[in-house]
Amino acid sequence: MDDSLQLEVHDLEVQVLTGIYSEETHLPQPLRISLTVDLVCPRQFLPDTPLGASKNYLDLKHAATTALPEGVHFTLIEGVADHICETLFLADARVLRVKVKIIKLAIAEAGESIGITLVRHRR
């Protein structure tokens, strides 16, 4: 069995221009974004292992927040998820797989979670 390392950042609330309906296309919508990223795993982590052996969690947060282009309208939230995946793949060759879950907060009527999960593997 292969070792694995997953980094996780969950429940980021981000305002993103997205949607297909007229009421959605003028103002950013609140999205809840969660990420799970599989990395190449070192043989072991010792007490003095440097950060470079893993990845900074803030890189994941950046991909789902400030790396999203300001003023760009994503028709589908799938496009938002794809942009996040590509940002992470381009930034670090050790990223093997990215799972992005996006919940559209504005359309929930009774606290339900409505959204998508996209999983991309490095090609």
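Predicted model: local features only at pLDDT ≥ 70, side-chain atom pairs only at ≥ 80, totals over all residues.

Tutor: Residues are numbered from 1 along each chain as its sequence is written, and side-chain values use heavy atoms, leaving out hydrogens and water.

Student: With which sense do strand 1 and strand 2 pair, and over how many bridges?

Tutor: Strands are DSSP runs (E, at least two residues), numbered from the N terminus. Two of them pair if DSSP finds at least two bridges between them. Here strand 1 (residues 5-16) and strand 2 are antiparallel, over 10 bridges. V14 stands opposite L31 in strand 2.

Student: How many bridges join strand 2 to strand 3?

Tutor: Nine, and strand 3 (residues 95-104) also runs antiparallel to strand 2. D38 has R97 in strand 3 as its bridge partner.

Student: Why is strand 2 largely enclosed?

Tutor: Buried means under 20% relative accessible area, exposed over 50%, partly exposed in between (1.4 Å probe, protein chains only). Nine of the 11 residues of strand 2 (residues 29-39) are buried, so the rest of the structure largely encloses it.

Student: Is I103 buried or exposed?

Tutor: I103 is buried, at 8% relative accessible area. It lies in strand 3. Its C-alpha is 6.6 Å from that of I33, 70 residues apart along the chain. Contact means heavy atoms within 4.5 Å. Beyond neighbours within four places in sequence, I103 contacts P30, L31, R32, S113, I114 and G115.

Student: How many disulfides are there?

Tutor: A disulfide is a pair of cysteine sulfur atoms within 2.5 Å. The count is zero. C85 is buried at 0% relative accessibility, while C41 is partly exposed at 25%.

Definitions and conventions: Helix = DSSP H or I, 4+ residues; strand = E, 2+ residues; numbered from the N terminus.
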